[in-house]
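Here is a short report on one protein chain. Keep the sequence and the 3D view open while you read.

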Amino acid sequence: MQQSAVPELAHTHTQPIHWLATATALAGVVALSAFLQPGAATAAQAGPDAKAAPAAAAPPDPADADFPIDCGPAEVLVQKKASGDLDGDGRPETVAVVRCDAGSGTPPNGVYVLTQAADAPAPRVVATLVDPKDRLSVTDFALRDGAVTATLLGYSSPDVPSCCPDEKDSAKWQWKDGAFIRSTPPEARSM
């Protein structure tokens with residue numbers, strides 16, 4: 001092994017005091033940043049033309065809804081829900097994925113859109129996106145940018161057991177011209 005021709009410099013070896021000084025400086029920066037925060041962001045306009053924003057309406061609660069699904073003695077189970085303004089009227093709607101709480105097996109899902117007037121005692125179903133009679137299970141459910149998306153698992157024939165769906169489809173619903181229009185997202189694939 002060849003030795004260096006340059007003598008070792010004393011300042012290249014760290015000592016505990018160096019680590020202590022670094023830790024103290026870092027703690028000071030963190031503490032200072034806790035006190036120097038920007039002001040709260042606001043979206044309100046200032047000036048004589050400023051108007052108060054309307055109070056946000058609460059989205060319909062699917063627990064209070066009467067869904068058009070026949071579960072016999074079993075209860076209706078709301079598996080997933082999402083809320084947002086789907087039709088652009090300024091009031092939120094709620095989309096609920098429901099099924100019968102059968103206890104075993106794979107009961108099919110229904111996907112329903114709920115709305116509620118300000119003076120109504122309970123929300124009402126205004127659209128059925130997936131009917132339980134179609135024997136579909138819903139996964140990857142979301143509501144974004146005014147659109148409802150879901151992955152639908154189904155069966156190629158009545159002979160396929162309920163445990164094992166053999167078809168997969170992606171669906172997207174958007175409010176257009178007074179109705180929910182279904183389309184297939186570009187990334188949709190089949191099993």
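Which residues have the most contacts inside the largest nonpolar core? The answer below comes from a predicted model.

## Nonpolar cores

Val-95, Leu-129, Leu-152 and Trp-173 have the most contacts inside the largest nonpolar core, which has 18 residues. Two or more residues of this core come from each of β2 (93-100), β3 (110-115), β4 (124-130), β5 (137-144), β6 (147-154) and β7 (167-176).

Take Trp-173. Leaving out residues up to four places away in sequence, Trp-173 touches Leu-129, Leu-152 and Phe-180, among others. Arg-182 is also one of its contacts.

## The open sheet

Four strands build an open sheet, in the order β1-β2-β3-β4. Their pairing is antiparallel. β1 (76-84) and β4 sit at the edges, and each pairs on one side only. From one strand to the next, the twist averages 25 degrees.

Look at β3 and β4. These antiparallel strands are joined by 5 bridges. Leu-114 has Val-125 in β4 as its bridge partner.

## The salt bridge

The whole structure holds 1 salt bridge. It joins the side chains of Asp-169 and Arg-182, at 2.7 Å from N to O. Asp-169 lies in strand β7 and Arg-182 in strand β8 (residues 179-183). The two are 13 residues apart, so the pair links distant parts of the chain.

Key: Residues numbered from 1 in each chain as written. Predicted model: local features only at pLDDT ≥ 70, side-chain atom pairs only at ≥ 80, totals over all residues. Heavy atoms only, no water. Core = buried A, V, L, I, M, F, W, Y, C linked by side-chain atoms within 4.5 Å. Buried < 20%, exposed > 50% of the residue type's maximum accessible area, 1.4 Å probe, protein only. Contact = heavy atoms within 4.5 Å. Pairing = 2+ DSSP bridges. Axes fitted to C-alpha atoms, helices over the stretch in contact; angles between N-to-C directions. Salt bridge = Lys/Arg side-chain N within 4 Å of Asp/Glu carboxyl O.
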